[in-house]
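Here's a quick walk through a few aromatic side chains and the strands around them. Have the structure open as you read.

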Amino acid sequence: MSKTAAEREARGRAGEFRVVSELCRRNMFAALTMGNVPNVDVLCSSSNASAAICIQVKTFRVHEKTCMVGINAEIDYGGNFMWILAGL
């Protein structure tokens, strides 16, 4: 079955929400950028606001066992940037 752009977008958004919910469960403050910040899906801060990080989420289907991140994975965005691979 062919994946439509809408299906890929929905799965990607679900992965972002999953990451935010897990960060909040671990007593961190996390917010989705909803596509308004290039290369950043989630902004996260510690509960005492002493540290902050930008997160790029890549969502993949667990049964496919692969996740493509593209050429952007080779760019150094700095120490306050993290990739999270979310399998759904």
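Let's start with Trp 83, which is partly exposed at a relative accessible area of 25%. Keep in mind that this is a predicted model. Phe 81 is buried, because its relative accessible area of 16% falls under the 20% cut-off. Tyr 77, at 29% relative accessibility, counts as partly exposed.

So how do these rings meet? By the ring-centre rule there are two aromatic pairs, listed here.

| Pair | Centre to centre | Angle between planes | Type |
|---|---|---|---|
| Tyr 77 and Phe 81 | 4.5 Å | 40° | tilted |
| Phe 81 and Trp 83 | 5.9 Å | 85° | edge-to-face |

Put together, Tyr 77, Phe 81 and Trp 83 make up one aromatic cluster.

Now for the strands. Trp 83 sits in S4, where it is the bridge partner of Gln 56. Strand S4 covers residues 81-87 and runs parallel to S3, with seven bridges between the two.

What about the other neighbour of S3? Strand S2 (residues 42-45) pairs with S3 (residues 52-60) in the antiparallel sense, over four bridges. One of the contacts to look for is Val 42, whose bridge partner in S3 is Ile 55. S2 and S3 form a hairpin, with six residues separating them. In that turn, check Ala 49: its phi is positive, at about 60°.

Terms used
Residues numbered from 1 in each chain as written. Predicted model: local features only at pLDDT ≥ 70, side-chain atom pairs only at ≥ 80, totals over all residues. Heavy atoms only, no water. Pairing = 2+ DSSP bridges. Phe/Tyr/Trp six-rings, centres within 6.5 Å; stacked < 30°, edge-to-face > 60°. Buried < 20%, exposed > 50% of the residue type's maximum accessible area, 1.4 Å probe, protein only.
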